[in-house]
Amino acid sequence: MPLEIGWAITVSWKAGDVMCRIMAFFRMFGLYLSSFVLVCISMDRYYAVIKPLQLWDVDKRGKIMLSFAWIGSVVCSLPQTIVFHLETHPNITWYSQCVTFNAFPTYTHEITYSLFGMIMMYWFPLVVIIYTYMSILLEIRRRSKKSEDDKIRRSSIGFLTRAKIRTLKMTVIIIAVFFICWTPYYVMSLWYWIDRNSAYKIDQRIQKGLFLFACTNSCMNPIVYGAFNIRDRNKTSARPTTIETRVTPLSLSLKLLD
């Protein structure tokens with residue numbers, strides 16, 4: 001974000017070709033990493049609910065997923081250092097810009113590269129998030145509908161009902177925030193790919209604003225998780241300790257799957 005702000009102030013690029021390529025790399029790296037970590041969080045919760053007996057390797061699994069997220073972000077961002085470079089205006093020699101001009105052999109190559117970014121940064125995380133959280137909701141619903149003669153059900157039905165409602169709310173908010181932040185930007189991108197001439201008529205400030213708005217998804221995720229955790233902590237501290245509140249998530253999962 002500071003780089004974007006500085007670039008918006010100077011308009012032209014004044015940091016040289018090397019910094020242009022480095023900036024282009026980190027410009028996308030943070031966005032890729034934000035999306036991939038969101039995938040890691042959803043997968044971690046998926047395994048915790050769907051396969052609770054595999055908690056013994058949770059630390060190893062978390063490290064592996066995060067490693068893939070970081071490595072994947074680096075790999076997906078590396079092409080930025082190739083396509084972005086410093087170009088000087090042919091007539092106004094003092095004006096230089098960090099652009100992708102003349103980087104792609106054909107327009108098809110440019111569209112393919114942009115489509116790759118859309119799939120990896122938008123569609124792949126969105127599909128994984130929807131699948132994992134919907135699976136979690138279905139699993140919680142299945143557990144909450146156990147037969148009345150199940151003794152564990154009577155002691156845990158309140159917990160499961162609250163968990164189902166809380167998970168449903170968080171699921172809707174996470175998916176909605178991701179969708180709302182990124183969709184306008186990619187709608188504009190699709191418009192640009194389909195009809196470049198009409199897309200050029202849109203004010204550049206609007207196009208940059210859509211990109212900056214998409215970047216706010218990285219800022220919104222901690223707020224969403226923090227808001228739910230703070231609220232749950234306040235409710236837990238205000239509730240008297242009972243047998244139900246003393247049941248650990250692991251023991252509860254084991255009993256439910258017994």
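Predicted model: local features only at pLDDT ≥ 70, side-chain atom pairs only at ≥ 80, totals over all residues.
**Spans**

An unreviewed UniProt entry lists residues 22-43, 64-86, 111-138, 172-194 and 206-228 under "transmembrane region". Two of these spans are described here. Residues 22-43 are 100% helix and 0% strand, with their end C-alpha atoms 31 Å apart. Residues 111-138 are also 100% helix and 0% strand, and here the end C-alpha atoms lie 38 Å apart.

**Aromatic pairs**

The whole structure holds 18 aromatic pairs. Two of them are tabulated.

| Pair | Centre to centre | Angle between planes | Class |
|---|---|---|---|
| Phe-25 and Phe-26 | 5.0 Å | 85 degrees | edge-to-face |
| Trp-94 and Tyr-95 | 6.1 Å | 90 degrees | edge-to-face |

Why is the Trp-94 and Tyr-95 pair edge-to-face? Its planes stand at 90 degrees, and an angle over 60 counts as edge-to-face.

Phe-25 is buried, at a relative accessible area of 12%. Phe-26 is partly exposed, at 47%. Trp-94 is exposed, with a relative accessible area of 63%. Tyr-95 is partly exposed, at 25%.

**Cluster and charge**

Which residues do ring pairs link into a cluster? They are Tyr-122, Trp-123, Phe-178, Trp-182, Tyr-185, Tyr-186 and Phe-211. Phe-211 also has a charged neighbour: the charged end of Arg-27 sits over its ring, 4.8 Å from the ring centre.

Conventions
Residues numbered from 1 in each chain as written. Heavy atoms only, no water. UniProt positions renumbered as here; feature names shortened; annotations may be inferred. Helix = DSSP H or I, 4+ residues; strand = E, 2+ residues; numbered from the N terminus. Phe/Tyr/Trp six-rings, centres within 6.5 Å; stacked < 30°, edge-to-face > 60°. Buried < 20%, exposed > 50% of the residue type's maximum accessible area, 1.4 Å probe, protein only. Lys NZ or Arg CZ within 6 Å of the ring centre and 35° of its normal.
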